[in-house]
Amino acid sequence: MSVAGPSEPRVTIVEVAPRDGLQNEKVELTTAQKRELVERAVQYGARNVEVTSFVHPKKVPAMADAEDLVGLLPSGDGVAYSALVLNERGLERALAAGVTEINAVVHCTDTFSGRNQGTDVDGGVAIWHRIARTAREAGITANLTIAVAFGCPFEGEVPVDRLRTILDRVLEEPPTELSLADTIGVAVPKDVRERFGVASVLVPSGAALRAHFHDTRSCGIGNALAAVESGVTILDASLGGIGGCPFAPNATGNIATEDLAYALDRTGIAHGLDTTALQASGEWLEGIFGRRLPAMVLHAGGFPAPVH
């Protein structure tokens, strides 16, 4: 386990395999298997697990059991079980299910926003403002992800000025955590430093910076390290490297939790995960899927290798 010393930097890893990991996979886990996946994440040290999304079941069938899964999770164990919501209806369902932390999304392009959220960017901003106010009144944590913040599969490059404009607007209702997402895995470390440089200036005091990377073009781990250098303290990752966005062509999984933990360890950045339990969970998940999962460290192992 990586534990921070008195002066070591510390990063929180949010395990997103139960939500972002499963939403784009052909293998459908049962609710009981999803519960075990969440339990395993907690066992290897995750203290924030994105467990599901409250979206229309016809659009994302893998999340159709959101209420059932949340009802099986413990409370008062010091773990934040968060969920994605895209609109007020999703928030209503999450509140009714007892979720205490939600993640909302605003997109950087109208085309992607329309396909994923059913509205344009202006509509997405307005939805966020309403969700943020309702969440605050309900006393729950509301985080915000800016999706396709580095590039869009339909509209191409997303200019930094466009990101800045969207951030100015959404931050009228500040989130607890502000995340920039490389939804389709096009960023390189230079882009990460530039865009988080913009976000760090605009984000209000007290709001944490978070990053969400996909490893589509094998730059995900390098981008994660660049984000930490840029002041990001929270990183999303998915066990085994599974997942991807069902509304993005050629989508691949998030950066693998195993690979991220290894990179942080070797860089001297504490993350709090038990890598032995993490490895065992990756092997379990690979057995469930019945195929080789993308996580590199899952197969290559750590370094130096443990002595038996």
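At what relative accessibility does R130 count as partly exposed? At 35% relative accessibility, R130 falls into the partly exposed class, where buried means under 20% relative accessible area, exposed over 50%, and partly exposed in between (1.4 Å probe, protein chains only).

This is a predicted model, in which local features need pLDDT of at least 70 and side-chain atom pairs count only at pLDDT 80 or more, while totals for chains, interfaces and linings use all residues. Residues are numbered from 1 along each chain as its sequence is written, and side-chain values use heavy atoms, with hydrogens and water left out.

E88 is partly exposed, at 27% relative accessibility.

Next, select R93 and E67, whose salt bridge has its closest N and O atoms 2.8 Å apart. Here R93 in helix 4 (residues 88-97) is joined to E67 in helix 3 (residues 66-72), 26 residues apart. R93 is buried, with a relative accessible area of 14%, whereas E67 is partly exposed at 33%.

Finally, select R19 and D20, which form a salt bridge with the closest N and O atoms 3.7 Å apart. D20 is buried at 3% relative accessible area, and R19 is buried at 9%.

Notes
Salt bridge = Lys/Arg side-chain N within 4 Å of Asp/Glu carboxyl O. Helix = DSSP H or I, 4+ residues; strand = E, 2+ residues; numbered from the N terminus.
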